[in-house]
Amino acid sequence: MVNLTVSPDTANWMEQNHRYLMAAIAQTASYLQPDGSTLAAPEPIYPPAAIDQLSQLFGLSRFERAILLLGVGMELYPQLAALIVANANSSQTVSPTFGLALSHLPQAHWSAFTAESPLRRWQLIELGGATTLLNSPLRINERILHFLLGNTQLDPQLIGLVTVLPTELVLTLPPSQQTLVTEIVTLLQQATTPPLIQLCGYDTATKQAIITAVCQTLGWKLLSLTADVLPTDLHQLHLIQTLWEREAILRGSLLLLNYDGAPEVTESSSAIPAQSNAMARVMETCQQPLIIFSRERRPIRQRPIFYFEITQPTASEQRQLWVQMLNQLPDHTAAIQPEILIPLVNKLASHFSLSPLAIRTICTQVLSGQSEETGDRFSERFWSNCLNYARPLLEELAQPIRTQVCWQDLVLPDKEKHTLKTIIAQVRQRAKVYEQWGFANKGQRGLGISALFAGASGTGKTLAAEVVANQLNLDLYRIDLSSVVSKYIGETEKNLRRIFDAAEQGGAILLFDEADALFGKRSDVKDSHDRYANMEVAYLLQRMEAYRGLAILTTNLKNSLDQAFLRRLRFVVQFPFPDALQRAEIWHRVFPKDTPTENLSYQKLAKLNVPGGNIRNIALNAAFLAAEADAPVQMQHLLQAAQSEYLKLERPLTEGETKGWN
């Protein structure tokens, strides 16, 4: 990219530029004098006048430059109109034409009038209507006129479509992201043809910070166009793209095509969206260095493309960012004592994966509202703000589960409870073991904490996940694998990738319900669909092993799962069908303390041979029956509710289960 544009910082340059432009117009107009006398060209100025910058930026010949000056002269040089009329021998002709230029200007050549010439390719001039090309009136383009006068306003046809983004760095990037900046800068500097560079990932703010750093390093500006405003009409699309690229040349700018947030084109689409067609056309035909923001990779066929996956800073970099951002808020750091700051930073960096912008935003939010809070309450505000920041992305993809259940609400044998507590301990201590004790240096494979909760429906698998989430003070999201799995090749992996990428920020606990939908016995590869089905399973296990948070799979049919997959899970917790003692304990705990009860026999209720999920349904329905009767919950209400529940289960309610209830 050639960048000769000059910022007219002083009135002195503006005045010199105007004098030079008027002298250049007068010198060009002198070629139209009847006596054949011509004026000498004006002496160049420095920084170069806008007309000289423009000529070099677009590679204008002397003849093309003179045509452009004729167009400017019609706006600024009153004497030119009279000279044009005199040479045309017609009072009706008051605009310069190609024919006039060919007849009077030096070094004239026909190629200046072709559609691919710089004057017409970049719409530096506009043609009026006429019966022949040579007689078509010429007019200077409005944006070019303003440029030649030293003004930098955006082309009127691009207003509302293109945004001039600031290129002043507002964040210090961590080393891993600064390395990407260096790679992109090198690529742009060494490319022999305009490169196409795609930044993939969900964090638009980090991608923009990286490109801002690139532009600052190169001294370029940044022009952004969002894909959703691209016209689908080919003529309009070509016009907007031409003006956008022209603006980049005039300003010395890098082009950014932002496709973040747009729906991805998938195999299941009934038709390729016209917007995606327009974007692909721009990518394949753009003649300037182009940056694309997108969540997924968008391959194209007709030119090479360079991909960069944008990930969050490492845990150690995030610790440094937390300290750095807090130290940039000097009015508040006095209240943050080292004995609070260091454990807080370690805890936040080990559980959350946040961008530099997110960390700064959270620090500002918490500290701007800080009163006299210290200690645990102060740390809780940071924790809750981190959770709130990360929630919106994941809530688009999964169902949040928010309850306040605790260990007292969960009835399980001691062995299974011990396993759950081990899971909690590993999530809490993973930063110490992986990073401080060096296990992460041995390799990243197998560092994810994954668990399988297996048992019949209603035995407490989801309740146990809720208890774990509350003990860790982390969000819990349920993902229905049956809705994630797609029959279209490659879409299951895309769905899973979006979920894991979004969950990484908030360290959320992911609960994959109905794992049987994906984790059945591996089938023999008989066709391409069998092969891709096995690839989907492998991809999920790979992401679970690399996921920084906790991923839980649930299944009602453990025996239907492939043993090879079970070996790759760190924990397997079997949820047994509760015996009579456990059912009595569940009945004892199922009613909230504010629920009025009367003469309930938990031993008799325990004779109902159902798991905890059904017990809760019976208790809840009995509570509604009692409320309608304006009475406390009694055995008669529970009997009626049990009959309804058994009817739903298509099971007979035996006399042995309800003997002695009345």
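**Salt bridges and a surface patch**

Glu435 is partly exposed, because its relative accessibility is 31%. Partly exposed sits between buried, under 20%, and exposed, over 50%. Keep those cut-offs in mind. One caution before we go on: this is a predicted model.

So what does Glu435 meet? The side chain of Glu435 meets that of Arg319 in a salt bridge, at 2.7 Å from N to O. Now look at where the two partners sit. Glu435 is in helix H16, residues 414-436, and Arg319 is in helix H12, residues 315-327. They are 116 residues apart in sequence, so the pair ties together separate parts of the chain.

A word on the general idea. Side chains of opposite charge can pair when their charged atoms come close.

How many salt bridges does a search of the whole structure find? The count is 19. Let me take another one.

Arg246 pairs with Asp155. Their closest N and O atoms are 2.5 Å apart.

The cut-off for buried is under 20%.

Next, a pair within one helix. Arg589 and Glu585 form a salt bridge through their side chains, 2.7 Å from N to O. Both lie in helix H22, residues 580-590. Why are they about one helical turn apart? Because they are four residues apart in that helix. Arg589 is partly exposed, with a relative accessible area of 31%. Glu585 is partly exposed as well, at 30%.

Last, away from charges. Which residues form a nonpolar patch on the surface? They are Trp110, Leu127, Leu133 and Leu134. Together they have about 330 Å² of accessible area. Take Leu133 from that patch. Leu133 sits in the loop between strand S1 (125-127) and strand S2 (138-140). Its relative accessibility is 31%, so Leu133 counts as partly exposed.

To recap. Arg589 and Glu585 are a partly exposed pair. And Leu133 belongs to the nonpolar surface patch. Thanks.

Key:
Residues are numbered from 1 along each chain as its sequence is written. This is a predicted model: local features need pLDDT of at least 70, side-chain atom pairs count only at pLDDT 80 or more; totals for chains, interfaces and linings use all residues. Side-chain values use heavy atoms; hydrogens and water are left out. Patches are made of residues with over 30% relative accessible area and no salt bridge: like charges are joined within 9 Å, nonpolar side chains (Val, Leu, Ile, Met, Phe, Trp, Tyr) within 5 Å. Accessible areas come from the Shrake-Rupley method with a 1.4 Å probe; for residues, only the protein chains shown count as cover. A salt bridge is a side-chain nitrogen of Lys or Arg within 4 Å of a carboxyl oxygen of Asp or Glu. Helices (H or I, at least four residues) and strands (E, at least two) are DSSP runs, numbered from the N terminus. Buried means under 20% relative accessible area, exposed over 50%, partly exposed in between (1.4 Å probe, protein chains only).
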